[in-house]
Every structure is written in structure tokens, then in C-alpha cells.
Amino acid sequence: MISIEMRFPRPSVMGVVNVTPDSFSDGGVHLDPDVAAAAARRMLDEGAAIVDVGGESTRPGSEGVSADEELRRVVPVLEALRGLPVSIDTSKAEVARRALALGAELVNDVTALRGDPELAEVVAESGAYLCLMHMQGEPRTMQSQPTYDDVAADVAGFLEERLGFAVDAGVAEERICLDPGIGFGKTVEQNFELVRRLDVLTALGRPVLVGFSRKSSLGRILGDPTATTGPLSASVAAGVTAYERGATILRVHDVRPHVEALAVAAAVVSG
Ligand code: HH2
């Protein structure tokens, strides 16, 4: 069994393929399965280690979709990508099961195994990699009033508890990575503090995945208080900084610029 650290050496890039009409930055762009599969292939050509295929938007305010609808969106894309490195962005056991049968190697669950009681078993039985992400509240309401005593310590405490839950459910610890969940029930300041203090999360001993790409906090720090997305330049800066603070996997929409920036950052850091 290859550990997640060996499978995804630091830094690795995960390309985002949202097969949704309503994702916050690329909604509707990849709704056609052929377009989505072509985008995914391009991301892999550009140096992504894996592509994360998702059929449900978790943007602030979103309501969620049924398993049938999620399957209708992602299955044709997964079929077209058979044999390539794919992750499934889902909280539903039924969707994960189908995706794993179609060759997905990682389950990316933004609810950290709290959304569907059957998902832990599906991941454990398959031997897939697993990403556990922190979210305060739920997408519909999460940005209304996020509160923490100490955001880094609170997120670390949550991830440690969910890691224990996953291991108790039979998922091998060396197959799990952790994610602070940038933008999921956090203010702009809290998102930046989580990256600044990423050492509090890496101290848990698992690789950390960070998804800051295009998120609204980037547009807001640049001076637009109503921004819903952030620009590429800011995404790359956040990705490189997260890497320098210890992140292993960067989840991004624009693969080539991140791969290039991270290669340079890695050359600086490792000498
Ligand atoms: N962010 C989003 C979705 N899934 N998964 C992980 N592990 N970490 C993240 O930060 C993360 C995630 C939101 O981004 P996106 O997929 O582009 O948007 P949407 O949820 O609107 O489809």
C-alpha cells in the first residue's frame, strides 16, 4: 500500500473539475462531459498529480443536489477519464462507490465523514485515499457568523477528531490527508490566519491539502468587499505561501501557473 505522502510528494497539484451549473468560479464551464474530460486531461498534461471531479457545488448559500443528479453529472466524466488519476469530490457514499468502481483513487469529502454515515465504510473497504476537510456549519449558512476561540487550534482539534473517527472506521491513517477548508465557515482574516499558522495543522502528522484557488477572500483582501472570487495572481500567491508553510497538496483551478510557481518555490526552499 502506497502512503498518501509517497503518492503525492510535496508539492503536488490537484486540478478542479466542477461538473456543475453553479460552482462559485467555474459554474457551467464543464457541464458537458466531453468538455469536462478534455479540461481534466489538459490539467494532467500541465502537471496536475490528480484531478478532483465534483458534481455538487458547496459555494456559500448552495442547497445541495440528490445522489441521482450528482451521478448523472459525474459518471460520464469518470468513464471518459478511466485509467487517469482521479479524485471524487463528494459527501455521498453512493456517489463515492460508483466513482471508486470507475477508478477514482481518492475521496474528497468536505463534510469529513459527517454527511453520510455509510461513506466511511465505502472508503475503508476500497482502500482509497481520503481527504477530511473542516467546515463550520453547512454551505447554505456557513458564512453568516463564523465563530472560533482560536481558529487554528479549533480546526486542528476538529481534524484530529475526524482523523480518529476515520481510522476507527477502518481507513488506514497513511491514506488520509487533512484540509483546513478555506472559505467554509471562515472570515477573510480567519482564512489567512489558517495558512499563516498551518504548522498547527501539519503538527497532526498528516499531509495537509489547501484549496485557496479563486476564493472570495483573495478578491476581498485586494479591496473589493463584495468579491465572490479572487484572481489568478492572488491564487498563486496563496498556493505558494501555503506550500512554504507546509502544505503538501494544492487544490487549484488553473493548473499550469500553480505547477510552475510551485516548482520555483520548491527550488528556492529546498536549495
Ligand atoms: N473547496 C471547494 C470544493 N471542494 N475540497 C477540499 N478538500 N478543499 C477545498 O478547499 C474545497 C473542496 C470549493 O471550490 P470549488 O470546487 O471551485 O467550488 P464549488 O464548491 O462551488 O463547486
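1. The eight strands of an open sheet follow the order 6-5-4-3-2-1-8-7, and their pairing is parallel. Strand 6 (176-179) and strand 7 (209-210) are the edge strands, each of them pairing on one side only. The structure discussed here is a predicted model.

2. Within this sheet, strand 4 covers residues 106-109 and runs parallel to strand 5, to which four bridges join it. Which residue of strand 5 does Val107 stand opposite? The residue facing Val107 there is Leu130.

3. In the side chain of Asn18, an N or O atom is 3.1 Å from an oxygen atom of the ligand. Phe24 takes part through its backbone: a polar atom there is 3.0 Å from a ligand oxygen. Gly211 also has a backbone N or O atom at 3.4 Å from an oxygen atom of the ligand.

4. How much of the ligand's area does the protein bury? Taken alone, the ligand exposes 480 Å², and 99% of that is buried by the protein. The largest pocket is the space that the ligand takes.

5. Two places in the backbone deserve a look. Most peptide bonds are trans, and most residues other than glycine have a negative phi. The bond between Arg10 and Pro11 is a cis peptide bond, with omega about -5°. Pro11 is placed in the loop between helix 1 (4-7) and strand 1.

6. The other place is Leu113. Is its phi positive or negative? Leu113 is not a glycine, yet its phi is positive, at about 65°. Leu113 belongs to the loop between strand 4 and helix 5 (119-126).

Definitions and conventions: Residues numbered from 1 in each chain as written. Predicted model: local features only at pLDDT ≥ 70, side-chain atom pairs only at ≥ 80, totals over all residues. Heavy atoms only, no water. Polar contact = N/O pair within 3.5 Å; in protein donor to acceptor, adjacent residues only side chain to side chain. Areas by Shrake-Rupley, 256 points an atom, 1.4 Å probe, with all protein chains shown as cover. 1 Å grid on protein atoms, 1.4 Å probe; cavity = no way out; pocket = protein on both sides within 12 Å on 5 of 7 lines; lining within 4 Å. Sits in = over half its atoms within 2 Å of the grid points. Pairing = 2+ DSSP bridges. Helix = DSSP H or I, 4+ residues; strand = E, 2+ residues; numbered from the N terminus.
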